[in-house]
Amino acid sequence: MRGLDWDDPLRIRSWRELIGWINEVGFLPLFQNEVDGFSAEEHVSNQFWWTGDPEQDPWIWREIIARSGEVAYGKFFGGKTGFISRQWFPVFANYRRDGYDFDARWEDELANIRHKKIMDCFPGEEEYMGLELKRKCGFGKDGYKNFEGMITELQMQTYLIVRDFRRKRNKRGGEYGMPVCIYCKPEKLWGYEYVTSAYREEPAQSGEKIYRRVRELFPGASEKQMNKVLK
């Protein structure tokens, strides 16, 4: 893992500081990627990953941040996880959805049946644990295939986000295992009118705003490097 020295004054020291930086830059992958410096990983200590310490572990911070609802968390960057601020989410939604609500995308034959089976489970403000959603949508041994791939694509298109992490429960109500993703639509978090508020501009304009922001913050990034992360 890359990171900053413990005594580096620029090191992000808490999940609250990380939210502050996400809001400052607008959007941020969790892990190191093709654009040097464009990740949470490179700005925290590398000493506490996967320790379970909520004060220091960035892996736990991502759970706390998703639960806070202050920024969106999901697989938004080249199929990998990261954060988008409330301010920038409508810009991403317009760009990634190409101006389409999911129903319109389906009607224009731009979504496949597996996407639709998943999105049909979210007519309103529903939220589902991943395994529960997988069963409900008919994925599995004798059903549709590649649930994880479909869920990733729907997050990349901003139709779904990770709203929380919870542990599974046994028949007696006891929790067990590692926390797993809870999915919902971003409209549950911020409302339909806000999430779609950038639809009034051309999707390409929204895309250019995103690329321009990365160029401002990381002027050494090439177009090829940015495409790997942002497309």
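This note comments on salt bridges, a charged surface patch and backbone angles in a predicted model.

1. Across the whole structure, a search finds 15 salt bridges. One of them pairs E42 with R2, with 3.4 Å between the closest N and O atoms. This pair links distant parts of the chain, 40 residues apart: E42 lies in the loop between β1 (27–29) and α2 (58–68), and R2 in the segment before α1 (15–25). E42 is buried, at a relative accessible area of 6%, whereas R2 is partly exposed at 38%.

2. R166 and E127 form a salt bridge at 2.5 Å, N to O. Here too distant parts of the chain are linked, with R166 in strand β5 (residues 161–169) and E127 in the loop between α5 and β4 (128–129), 39 residues apart. R166 is partly exposed, with a relative accessible area of 35%, and E127 is partly exposed at 28%.

3. R215 and E208 are also joined by a salt bridge, their closest N and O atoms being 3.0 Å apart. R215 has a relative accessibility of 31% and E208 one of 33%; each counts as partly exposed. Salt bridges with shared partners connect R67, E127, D164 and R166 in one network.

4. A surface patch of negative charge comprises D103, E107, D108 and E109. D108 is in the loop between α4 (102–107) and α5 (113–119) and is partly exposed at 44% relative accessible area. E109 lies in the loop between α4 and α5 and is exposed, at 70%.

5. Most residues other than glycine have a negative phi. E109, however, has a positive phi near 60°. D98, in the loop between α3 (89–97) and α4, has a positive phi of about 55°; D98 is partly exposed, at 46% relative accessible area.

Note on methods. Residues numbered from 1 in each chain as written. Predicted model: local features only at pLDDT ≥ 70, side-chain atom pairs only at ≥ 80, totals over all residues. Heavy atoms only, no water. Patch = residues over 30% accessible without salt bridge, like charges linked within 9 Å, V, L, I, M, F, W, Y side chains within 5 Å. Areas by Shrake-Rupley, 256 points an atom, 1.4 Å probe, with all protein chains shown as cover. Salt bridge = Lys/Arg side-chain N within 4 Å of Asp/Glu carboxyl O. Lys, Arg positive; Asp, Glu negative; His and termini not counted. Charge placed at Lys NZ, Arg CZ, Asp CG, Glu CD. Helix = DSSP H or I, 4+ residues; strand = E, 2+ residues; numbered from the N terminus. Buried < 20%, exposed > 50% of the residue type's maximum accessible area, 1.4 Å probe, protein only.
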